Amino acid sequence: MKLNLPKEREYVGTAPLWKRIAAFFIDLFIINFVLLIPFRPLLRVLVQEESGFSQMYSYLSSNPSVVEIITAVSLT
């Protein structure tokens, strides 16, 4: 009796550039849909429209508890 097993997979090389670009945009869409949309109200409170990078850095440097919360949310 001969077994009908799948062929052994071979490593062919890296994915073509178009597949990598497509995967990049799919990842961006997933991150935007899963993380940014549900937390948009929280992010608007933390990142105000008129605040710049230096103001945000100063705020996060003076509030380590906020950094811990953002880190915990992003890792879950």
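This is a predicted model: local features need pLDDT of at least 70, side-chain atom pairs count only at pLDDT 80 or more; totals for chains, interfaces and linings use all residues.
Helix 4 supplies the largest share of the lining of the largest pocket, five residues.

Biologist: Which elements give two or more residues to the lining of the largest pocket?
Modeller: The largest pocket holds about 240 Å³ of space. Two or more of its lining residues come from each of helix 1, helix 2 and helix 4 (64-75).

Biologist: Which residues lie nearest the centre of the largest pocket?
Modeller: The lining consists of 11 residues. Those nearest the centre are Phe-39, Leu-42, Leu-43, Ile-70 and Val-73.

Biologist: How many nonpolar, polar and charged residues does the lining of the largest pocket have?
Modeller: Phe, Leu, Ile and Val count as nonpolar, so the residues Phe-39, Leu-42, Leu-43, Ile-70 and Val-73 fall in that class. By class, the whole lining has 10 nonpolar, one polar and no charged residues.

Biologist: Which helix gives the most to the nonpolar patch on the surface?
Modeller: The patch includes Ile-26, Phe-29, Leu-42 and Leu-43, and its residues together have about 1100 Å² of accessible area. At least two patch residues come from each of helix 1 (17-36) and helix 2 (40-46). The most, eight residues, come from helix 1.

Biologist: Is Leu-36 buried or exposed, or in between?
Modeller: Leu-36 sits in helix 1 and belongs to the nonpolar patch. Buried means under 20% relative accessible area and exposed means over 50%. Leu-36 has 38%, so its class is partly exposed.

Biologist: What percentage of the residues in the chain is buried?
Modeller: The chain exposes about 7600 Å², of which carbon and sulfur atoms supply 66%. A residue counts as buried under 20% relative accessible area. Among the 76 residues, the buried share is 4%.

Conventions. Residues are numbered from 1 along each chain as its sequence is written. Side-chain values use heavy atoms; hydrogens and water are left out. Patches are made of residues with over 30% relative accessible area and no salt bridge: like charges are joined within 9 Å, nonpolar side chains (Val, Leu, Ile, Met, Phe, Trp, Tyr) within 5 Å. Accessible areas come from the Shrake-Rupley method with a 1.4 Å probe; for residues, only the protein chains shown count as cover. A salt bridge is a side-chain nitrogen of Lys or Arg within 4 Å of a carboxyl oxygen of Asp or Glu. Helices (H or I, at least four residues) and strands (E, at least two) are DSSP runs, numbered from the N terminus. Buried means under 20% relative accessible area, exposed over 50%, partly exposed in between (1.4 Å probe, protein chains only). On a 1 Å grid over the protein atoms alone, a cavity is a set of points where a 1.4 Å probe fits but cannot get out, and a pocket is an open set with protein on both sides within 12 Å along at least five of seven lines; lining residues have an atom within 4 Å of a point. Grid points are joined across faces, edges and corners, and a volume is the space filled by probe spheres set on the points.
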